[in-house]
Each structure stands twice: as structure tokens, then as C-alpha cells.
Amino acid sequence: MSFLNLNNFSDTKKHYQILDGLRGVAAIIVVLFHILETFTGGDHTKQIINHGYLAVDFFFVLSGFVIGYAYDDRWGKMSLRDFFKRRLVRLHPMIIVGMLIGAATFYLQDSYFFPAIAQTPVWKMLLVMVIGFTLIPVGHSLDIRGWTEMHPLDGPAWSLFFEYIGNILYALFIRKLSNTFLAILVFIAGAALIHLAVTSPHGDVIGGWSIDPVQLRIGFTRLLYPFLAGLLLSRIAKPGQIKNAFTWASLVLFVFLAIPRIGTHETVWMNGLYDSVTIILIFPLIVYIGASGELKTKLASKLSRFLGDISYPLYIIHYPFIYIYMAWIAKNQEFINTSPYAKTTLVLISAALLLVTVALAHGLFKFYDVPVRKWLSKKFMSKAAK
């Protein structure tokens with residue numbers, strides 16, 4: 001997922017403010033999706049904001065588009081080392097914070113949802129934290145939660161792992177490809193995505209967060225089409241002039257992520273087809289709409305900037321709080337099942353969770369992420385790469 005902010009560049013390229021805002025819209029939808037997922041009992045058909053998991057695939061489309069737009073014409077004055085340092089400076093400070101928050105809250109998450117927490121010694125949790133700082137996945141022997149996540153302290157970091165892989169592939173090979181060859185790869189990756197989605201046991205593309213052959217296949221398949229398609233889009237599309245582009249793009253994004261499950265338990269392939277169409281056609285269209293508009297008012301610009309600022313911090317730090325929320329749900333089942341105030345309480349706690357994570361994300365962006373990235377850029381990056 002791209003959390004690259006084009007305002008950071010010293011050249012005169014147009015800055016796509018609306019794409020920043022759309023990242024924030026998608027990140028908020030992810031938080032809502034995870035809050036509501038707690039009440040599904042594992043039944044995908046009951047999920048409200050049912051297709052919120054596709055926000056990750058939308059992030060990958062944005063990643064390909066923004067990286068291609070930002071870097072394709074810079075390689076004459078930028079080395080591989082400069083590129084990798086820039087990406088590390090942009091992404092890694094918040095990864096470290098996400099792992100720290102996950103570690104600090106780990107034992108507060110103990111419940112039947114997470115069967116391994118109670119048996120996990122502190123040294124093992126700290127070992128997982130230190131490994132997590134590097135974004136190197138852990139195997140099942142270090143599964144300290146019981147969910148076989150590659151990053152047990154901060155689940156969503158799995159997608160950053162694949163983001164890094166996409167960046168490495170782009171820098172080493174993909175950037176050198178002609179548009180024709182890139183289009184062929186996009187077609188092959190799209191076919192693989194359709195096959196994965198329509199043959200999935202649950203009829204979706206959910207997965208990618210574990211180190212095993214099935215999950216790794218899902219992760220790479222989810223990465224490759226969106227990332228390659230976004231990159232191709234950045235090369236061949238000429239953005240137009242679309243009025244109210246931010247409003248329309250946000251609305252389309254929300255509708256396609258919120259739409260109820262397609263099909264039944266007997267026709268899960270129908271939902272897989274929906275996932276495929278959304279990723280292959282709708283997400284590139286949303287990015288194109290976003291790149292084809294301008295924000296006309298100061299209020300719209302401020303809103304888009306705010307959403308862009310919080311997007312990455314919110315995405316990477318929210319899930320430890322979801323773990324705590326799930327543990328609270330698990331420990332208060334009697335109240336939830338019997339109290340006349342249960343629904344009101346759940347709504348208030350859910351709203352508070354969203355507001356707290358948004359506020360924390362904004363604070364971390366302003367007082368940690370930006371200053372740390374400025375310091376790292378000044379200390380480690382060459383002038384040509386800044």
C-alpha cells in the first residue's frame with residue numbers, strides 16, 4: 001500500500017491531493033471493518049461493511065500508481081540505495097511504533113480469542129517484538145497469539161511486508177519493463193487473481209498474513225495484480241478533469257467496500273467474482289478519478305490532507321486496540337447477551353475506539369513520524385534522493 005506523500009518531493013510534479021484523502025478514507029473503513037468483524041462469529045456473510053478487506057488491495061493499486069508516478073523518471077539521478085533508503089525512511093518508523101504498541105498491550109488482549117497469550121513468556125513476546133522491528137515474518141514456532149500471523153503483535157504489518165516486496169521487485173526489475181511487457185504481466189496477474197478468488201473455499205481473497213504455502217500464495221496474488229496495474233496506469237493514463245472527484249471517488253470506494261456478501265454458501269464463487277471485478281476494474285477507476293480532480297476549497301484541502309496524514313499511522317497502529325476490544329467482548333458476553341444497555345454500550349465503545357485511534361494516529365504523525373523522517377532524511381539520504 002502506498003503511503004508515499006508526493007509533497008515530500010522537491011521537483012515540480014503535480015501533487016495528487018485527492019489520492020492522499022482516499023488513503024485516509026480506506027484506512028478508516030479498515031478500522032470500522034475490523035471493529036464490526038468481532039461480531040460475525042467467523043461467518044463472512046454476517047459482516048457489515050462486508051468487503052472492507054479489499055481496502056488492502058486498493059492500497060496496492062495506489063502503491064503501484066504513486067511509486068510509478070514518483071520514481072519512474074528519477075532513476076537517472078537516483079541509485080538503488082537511495083530508493084531503498086527513501087522507502088525505509090517513509091515506512092519503517094511507524095512499523096516500529098506499531099510493534100511497540102502491540103507489545104505494550106499484548107497481555108491486555110488475553111481471552112479465548114487468543115489462546116496462546118496466557119502461555120507466552122515475556123522474553124518470547126519481546127523476541128517477537130524485536131524481530132517485528134525488522135518486518136521479517138515469524139513462523140509458527142513464534143506464534144504467540146494462536147492465529148499463525150507472521151506479525152503476531154500487529155497483524156496488518158503483513159501487508160507492509162508485501163509492500164516492501166513490491167518495492168524491491170519494482171526497483172530491481174519491474175521499472176525496466178516496457179509498457180507492453182508490463183501489460184502482459186498485468187494480464188497474467190489478473191488471471192491468477194480471478195482463479196484465486198473464484199476457487200477460494202470462502203469465495204474471497206482474504207488472507208496473506210501467515211508463512212505457509214497457501215497464505216503466501218494469497219499474499220503474492222493480492223500484491224501483484226493491483227501493484228502492477230497501478231504502475232501501468234501511472235504510465236499510460238492521462239488524467240482528465242472530473243468535477244467533485246474526491247466526493248465521487250470516496251463514494252464509489254465506500255459502496256464497493258460496504259456492499260453485502262454476494263451469493264450464498266453454495267455459490268461462494270459469485271463473491272469471488274465480485275472481488276475480482278472490484279480489484280481489476282473498479283479500484284484502478286477510482287484511482288483514475290482521484291488523479292483527475294482538484295480540490296477547490298480550503299476545507300476540502302484540509303480534510304484531504306488530514307485524511308492523508310492519518311492514513312498510514314491509523315492503519316499500522318489500530319489493530320492492537322482491536323485485539324483489546326475483542327478481549328473485552330470475550331470477557332463480557334453475559335452483559336452483552338442480557339443487558340438492555342448492551343447495544344448502546346457497544347456503539348459507544350466502538351465509536352470511542354475509532355476516535356481514539358484516529359486521534360492517536362494524528363498525534364503520532366505530527367509529533368513522531370514527521371520529525372523522525374526529517375531527521376533520518378537529513379542524516380542518511382543524499383540530496384538527489386530527497
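Is L281 buried or exposed? I began with this residue, keeping in mind that the model is predicted, and I found that L281 is exposed, because its relative accessible area of 55% lies above the cut-off of 50%.

**Entry 1, the surface around L281.** I placed L281 in helix 9, which runs over residues 269–291.

I next turned to F246, which I located in helix 8, residues 245–258. F246 is buried, since its relative accessible area of 11% falls under the 20% cut-off. I also checked the spacing between F246 and G290, and found their C-alpha atoms separated by 6.1 Å, although the two residues stand 44 residues apart along the chain.

I looked up how helix 3 (residues 80–104) packs with helix 4 (residues 122–134), and recorded an angle of about 165 degrees with the axes 8 Å apart. Because angles over 145 degrees count as roughly antiparallel, I wrote down helix 3 and helix 4 as roughly antiparallel to each other. For the handedness of the crossing between helix 3 and helix 4, my note reads right-handed.

I noted that the structure holds nine salt bridges, and I followed some of them individually.

I took up the pair R235 and D72, whose side chains meet in a salt bridge at 2.9 Å, N to O. I placed R235 in helix 7 (residues 213–236) and D72 in the loop between helix 2 (55–71) and helix 3, so the pair ties together parts that are 163 residues apart in sequence.

I went on to D369 and R90, whose side chains meet in a salt bridge at 3.6 Å, N to O. This pair links distant parts of the chain, with D369 in helix 13 (residues 342–380) and R90 in helix 3, 279 residues apart. I found D369 buried, and R90 buried as well.

I then examined R261 and D204, where the side chains meet in a salt bridge at 2.6 Å, N to O. R261 sits in the loop between helix 8 and helix 9, while D204 sits in the loop between helix 6 (179–199) and helix 7, so this pair ties together parts that are 57 residues apart in sequence. Both R261 and D204 are buried.

Note on methods: Residues numbered from 1 in each chain as written. Predicted model: local features only at pLDDT ≥ 70, side-chain atom pairs only at ≥ 80, totals over all residues. Heavy atoms only, no water. Helix = DSSP H or I, 4+ residues; strand = E, 2+ residues; numbered from the N terminus. Buried < 20%, exposed > 50% of the residue type's maximum accessible area, 1.4 Å probe, protein only. Axes fitted to C-alpha atoms, helices over the stretch in contact; angles between N-to-C directions. Parallel < 35°, antiparallel > 145°, perpendicular 65-115°, else oblique. Left-handed = near helix turned anticlockwise from the far one by under 90°. Salt bridge = Lys/Arg side-chain N within 4 Å of Asp/Glu carboxyl O.
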